[in-house]
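Dear colleague,

Here is the structure I said I would pass on. My notes on it are below.

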Amino acid sequence: MELDAEAFEQLVVDELDALPDDMVEGLENLVFVVEDRPEDGSLDLLGLYEGVSLTERDRYGFGEMPDRIVLYREPLLSVAETEDELRDEIHVTLVHEIAHFYGIDDDRLHELGWA
């Protein structure tokens, strides 16, 4: 599937808006970023949480750099054949990475069906 960066970013915004309020209300000092590919150039990684999860923080003070959730456009496009499939993959990736922000690890995400 092919989709330019602007249209892809709009899908990400749409899927963020569709997430439940109780999932997104606690997101503080966090930015969402779209990049074409991970640094290693692979198509294996769909998203990444960069930061310190809420469960690992001592204190979060003024002036802290925001945590980041990165969605990788080309890997996500490579696993979807239709726009509906792409929306589903973006949704699952957002939930997965937001869960890491809240301190939920991959094992628990797997148990919950989000990994």
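The notes below cover ring pairs, salt bridges, a charged patch and one backbone angle. Please keep in mind that this is a predicted model.

Aromatic pairs

A search of the whole structure gives two aromatic pairs. Tyr49 and Phe101 are both buried. The rings of Phe101 and Tyr102 have centres 5.2 Å apart and planes at 80°, so that pair is edge-to-face as well. Phe101 has a relative accessibility of 0%, whereas Tyr102 is partly exposed at 24%. Through these ring pairs, Tyr49, Phe101 and Tyr102 are linked into a cluster.

Salt bridges

There are eight salt bridges in the structure. One of them joins the side chains of Glu35 and Arg68, at 3.1 Å from N to O. Because Glu35 lies in strand E1 and Arg68 in strand E3 (residues 67-72), the bridge ties together parts that are 33 residues apart in sequence. Glu35 is partly exposed, at 27% relative accessibility, and Arg68 is partly exposed at 26%.

Arg37 and Glu74 form another salt bridge, at 2.4 Å from N to O. Arg37 sits in the loop between E1 and E2 and Glu74 in helix H3 (residues 73-78), so the parts tied together here are 37 residues apart in sequence. Arg37 is partly exposed at 36%, and Glu74 is partly exposed at 26%.

In the bridge between Arg108 and Glu111, the closest N and O atoms are 2.9 Å apart. Both residues lie in helix H5 (residues 106-112), three residues apart, or about one turn of the helix. Arg108 is partly exposed at 41%, while Glu111 is exposed at 59%. Salt bridges with shared partners also join Asp14, Glu15, Glu83 and Arg87 into one network.

Surface patch

Glu81, Asp84, Glu85 and Asp88 form a negative surface patch. Asp84 is located in helix H4 (residues 83-101) and is exposed, with a relative accessible area of 56%.

Backbone

Most residues other than glycine have a negative phi. Asn29 has a positive phi, near 55°. Asn29 lies in the loop between helix H2 (21-24) and strand E1 (30-35), and is partly exposed, with a relative accessible area of 30%.

Regards

How values were computed:
Residues are numbered from 1 along each chain as its sequence is written. This is a predicted model: local features need pLDDT of at least 70, side-chain atom pairs count only at pLDDT 80 or more; totals for chains, interfaces and linings use all residues. Side-chain values use heavy atoms; hydrogens and water are left out. Patches are made of residues with over 30% relative accessible area and no salt bridge: like charges are joined within 9 Å, nonpolar side chains (Val, Leu, Ile, Met, Phe, Trp, Tyr) within 5 Å. Accessible areas come from the Shrake-Rupley method with a 1.4 Å probe; for residues, only the protein chains shown count as cover. A salt bridge is a side-chain nitrogen of Lys or Arg within 4 Å of a carboxyl oxygen of Asp or Glu. Lys and Arg count as positive and Asp and Glu as negative; His and the chain ends are not counted. The place of a charge is taken as NZ of Lys, CZ of Arg, CG of Asp or CD of Glu. Helices (H or I, at least four residues) and strands (E, at least two) are DSSP runs, numbered from the N terminus. Buried means under 20% relative accessible area, exposed over 50%, partly exposed in between (1.4 Å probe, protein chains only). Rings of Phe, Tyr and Trp (its six-membered ring) pair if their centres lie within 6.5 Å; planes under 30 degrees apart count as stacked, over 60 as edge-to-face and the rest as tilted.
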